[in-house]
Number of protein chains: 2
Amino acid sequence: MTGKKKSAQASLEAMYRVFTVPEAPESTLSRIDQNISTNLAGFLQEHIVAIERDLSEVEKDFSDPVIPEKPIFVSEQTQFLLDKLVANSVHTASPSFIGHMTSALPYFMLPLSKIMIALNQNLVKTETSKAFTPMERQVLGMIHRLVYDEDGAFYRKWMHDPRHSLGAMCSGGTVANLTALWVARNRAFPAEGSFRGIHQEGLFRALRYYGHEGAAILVSRRGHYSLRKTADVLGLGRESLVAVDTDDHNRIQTDALRDKCLELQKQKIKIMAICGIAGTTETGNVDPLEAMADIAREFGAHFHVDAAWGGPTLFSRRHSHLLKGIEQADSVTIDAHKQLYVPMGSGLVVFRDPALASAVEHHAQYIIRQGSRDLGSTTLEGSRPGMSMLIHSGLKILAREGYEILIDQGIAKARSFADMIQARPDFELVTEPELNILTYRYAPAEAQQALTLADPIQAERINACLNRITKFIQKTQRERGKAFVSRTRLEPARYHHFPCLVFRVVLANPLTTEDILRDILNEQEELAADAGISDEFAILNQLTNTVLAAVDTDG
Amino acid sequence: MTGKKKSAQASLEAMYRVFTVPEAPESTLSRIDQNISTNLAGFLQEHIVAIERDLSEVEKDFSDPVIPEKPIFVSEQTQFLLDKLVANSVHTASPSFIGHMTSALPYFMLPLSKIMIALNQNLVKTETSKAFTPMERQVLGMIHRLVYDEDGAFYRKWMHDPRHSLGAMCSGGTVANLTALWVARNRAFPAEGSFRGIHQEGLFRALRYYGHEGAAILVSRRGHYSLRKTADVLGLGRESLVAVDTDDHNRIQTDALRDKCLELQKQKIKIMAICGIAGTTETGNVDPLEAMADIAREFGAHFHVDAAWGGPTLFSRRHSHLLKGIEQADSVTIDAHKQLYVPMGSGLVVFRDPALASAVEHHAQYIIRQGSRDLGSTTLEGSRPGMSMLIHSGLKILAREGYEILIDQGIAKARSFADMIQARPDFELVTEPELNILTYRYAPAEAQQALTLADPIQAERINACLNRITKFIQKTQRERGKAFVSRTRLEPARYHHFPCLVFRVVLANPLTTEDILRDILNEQEELAADAGISDEFAILNQLTNTVLAAVDTDG
């Protein structure tokens, strides 16, 4: 062999090794693998740095756009990932990370995920998934039954019917909502007479044929931003997502919804879909679903419920009544990577009527042929991993009772936390928890009092000042790394809809204790005394004193 | 404590344990975890049954729609999964599984995936992903550079720019194509004068404002089915995906493309996008991308290249020239779970111009705020896992050289397999391999000869018979479980575009040897002699003899 040939042969063999020889037990990666299996909490605690490094600093470690020419050792890459990536990632499983919907996972999810990845199935078709397809159909059936509670005969007939699907597994809630509204749109403009259907001819000709000036999706102001994105993707335009006012509890005003429908109808706008929310992202409230179902029926609109967050509340005998009416929805989104405690990348939508999915059915010659059982014929995505195996396992291992406990204790904890906030004079509970989400802000007692007395301009100035203080506390607390609450902007009616920045708290991690919650409030109180924000407090005091003094004088 | 309270307390503690206590080392799940780490090939070999069980049989194990009331042990569920799910899954990593694009994974991907899942980051925003966001931006930069090869200054300026993104990470190629064409659609109908842009006002008003009768996406007849789905989702309608004829090598006919553009233009149809294919799904061919770029420019259309399969050919010094012109594309789709050998659920799109993604930008109050670095502001999906960590690791550990070897040997192996097929008189190579995909069928020498002499009706009857034989062989071989080739339907010009069923072979697994390929052909020859298909052969012989005898007589 020539030298060149020899080296090519050596490279080829190295490549085979990469596919055939597992990491040695003493390798860096195997040790980490072991470490995660036996002591995940320790691994995360030890390897994720608590104090936040500035992102522009972190970027320096990820700034080379050149794909290296020569392979590096797995151990070298592993060490790099540990030092630069893992160290600067977010401890989402930490019980004091209560700012977002990404939380801790049950331990069994890790080794099960490994089986899923090792099998590397592709759910688009049975030829690359075999038993995973019936399993996914069962998971869709189980969730369908949780929502719609049909009888045994129904599921015997439909669950494995090759020409039907009770729903669609997705990478997350956004794709689930998009799938539901894609179905809704296509059903709103079906084939008729010379018109071959919107799926064939598109929206332009659909509206012309049916004599509409547009098509609208109605949802409360608290609707998830994915719905606006969906309206854009579907060709309706973001303005076709009509935001309806909410009541004081962030639930849609059904009178306003009905009025809006009538108004749109007069403008020849097709009421394509009405979306109820079961667990608003920012405040965790649930729309009056029954009343919405009635309105949807009245206007012949598709009724979709975005229960990405709140869907699993159905497991709770005590709280499931909050979602009453969800069983009247044409489609329901539930995220498995939220309150089903499955790793990131798993959402789903279920359809009440098994025929619904056919509105978006598609086929190809080499896969998802007509009449095949392939789930790919009605999903928006093509190739998909076998995440449903993890949902299946969660539903079996935790069971209804397990999920009920998780839901019940989250809601109870939110109530206790709300009580703690209300017991502290310098905090203001902005939204009461209905599920396990609440919002509050830092607002000294005098400022709260002043706000009840201030004229609109004074109130605006006080609120603007409180916004800067809340933002400072939230950011600094995050940077310190002991705890994390998120922040958002609400427009409370009691402050004349002035945009108020608030702390947002999501209580889904079962390891979050009341002591942790108390510590979070304590740290926020401490931060309020920080020198970095003292100027703001000077301004706030001045504004507050002016209001209170004036009242005093008046009195 | 009362009995009821005690039991509630016990349940609560059980639930805590599920989140805090890892599986014991001797548990069923831990043993499997270990087994997969040390001996994946053995695990798959041992646990996946070779012979296919009928799906309707498998369904019986997944037929209960009831979510169980009481938790079951992890070990019980694990045993169930092993016996019922894993046993009846597909051995996608097998070197004789050469029918689809899902293949073996490098070993290091498994423990790395475990780290990814353990960290459970969410890439929608930096608050739940921190260093994962810069890392994903780097991966997008690396792939962008692989395709567009801009200079260092370009990447220094754009890679980490919070208001820009060089692409979007997706769950797969379908979402990547959809994202690219969503961008294309929104750019085709921007805000102007009183029109606030299609993203705001929708397609109906966009076409009215700009005076178009429709909008078209042009692609060859070999375009992936996801493009038709995309046309539906985007509101254009499936008919707006205009299929252009291909030449004898399954590449788009550029004259026909240009003529079609002119024709559509005359009908006032906006030429929204032209899609080139770099690696057709069924035959692995590459469109003449340079010529297509010229045509796209001529008509002011977005030029998208679907390189979901063939993109990594750019790593090969020998073969990258096949993709010449891809650097002129406005957007390019590449699937990481295909030829970057990353586990299922990872695709991406890159944009030549960093400003492109702004056409689909969106924001919300609690995340992806204006000016944040959050990648979620320009992705179609919301919450997403940190799959880019696995792409990053592949690019570092395999490096350009490693991927080059994988590409080169796949293409070389396809050539050898084509030669083997051509050397056997009873097989017909239907499409020559250009990359690592080819199609062929079983066609006895006499039948092949007869087809060259037959009149159109005779040819149709012979081909119909060959279709049934090819389908039988493909299905039976799959059921036997030793090897798997897929099948699809092509309309070869040489058979007057009559639909012919063919075996389809994808050679991406580096462990597939020439011996394995020989065995696959041998088994197919054996199956052709199977009693189950003898009647078809009787018909075929009769048809063939009629044609040959007539010629003999004529001669």
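Colleague: How many bridges join strand S2 of chain B to strand S4 of chain B?
Modeller: S2(B) and strand S4 (residues 269-277) of chain B run parallel, and B:Ile217 stands opposite B:Ala273 in S4(B). Strands (E, at least two residues) and helices (H or I, at least four) are DSSP runs numbered from the N terminus, and two strands pair if DSSP finds at least two bridges between them. The number of bridges joining S2(B) to S4(B) is five.

Colleague: At what pLDDT do side-chain atom pairs count in this predicted model?
Modeller: Residues are numbered from 1 along each chain as its sequence is written, while chains are lettered from A and ligands numbered from 1 in the order in which they are written. Side-chain values use heavy atoms, with hydrogens and water left out, and, the model being predicted, totals for chains, interfaces and linings use all residues, local features need pLDDT of at least 70, and side-chain atom pairs count only at pLDDT 80 or more.

Colleague: Which residue of strand S3 of chain B stands opposite B:Ser220?
Modeller: S2(B) also pairs in the parallel sense with strand S3 (residues 241-244) of chain B, over four bridges. In S3(B), the residue opposite B:Ser220 is B:Val244.

Colleague: How many of the seven residues of S2(B) are buried?
Modeller: Buried denotes under 20% relative accessible area, exposed over 50%, and partly exposed in between, with a 1.4 Å probe and protein chains only. Both faces of S2(B) are covered, with B:Gly214, B:Ala216, B:Leu218 and B:Ser220 buried on one side and B:Ala215, B:Ile217 and B:Val219 buried on the other. The strand is largely enclosed by the rest of the structure because the buried residues number seven of the seven.

Colleague: How far from the side chain of A:Thr174 does the backbone nitrogen of B:Gly382 lie?
Modeller: A:Thr174 lies in helix H8 (residues 173-188) of chain A and is buried, with a relative accessible area of 8%. Not counting residues up to four places away in sequence, A:Thr174 touches (heavy atoms within 4.5 Å) residues of both chains, including A:His224, B:Leu380 and B:Gly382. A polar contact is a pair of N or O atoms within 3.5 Å; within protein, one must be able to donate a hydrogen and the other to accept it, and residues adjacent in sequence count only if both atoms are side-chain atoms. From a polar atom of the side chain of A:Thr174 to the backbone nitrogen of B:Gly382, the distance is 3.4 Å.

Colleague: Which backbone oxygen does the side chain of B:Thr544 reach?
Modeller: B:Thr544 belongs to helix H19 (residues 534-554) of chain B and counts as buried at 2% relative accessibility. Beyond four places in sequence, B:Thr544 touches B:Glu446, B:Ala447 and B:Ala450. At 2.7 Å, its side chain reaches the backbone oxygen of B:Leu540.

Colleague: How far apart in space are B:Gly410 and B:Arg461, C-alpha to C-alpha?
Modeller: B:Gly410 is placed in helix H15 of chain B and counts as buried at 0% relative accessibility. Leaving aside neighbours within four places in sequence, B:Gly410 is in contact with B:Asn436 and B:Leu507. B:Arg461 is 51 residues from B:Gly410 in sequence, and their C-alpha separation is 36 Å.

Colleague: What phi does B:Tyr341 have?
Modeller: B:Tyr341 is found in the loop between strand S6 (331-335) and S7 of chain B, and is buried, with a relative accessible area of 3%. Phi of this residue, which is not a glycine, is positive and near 60°.
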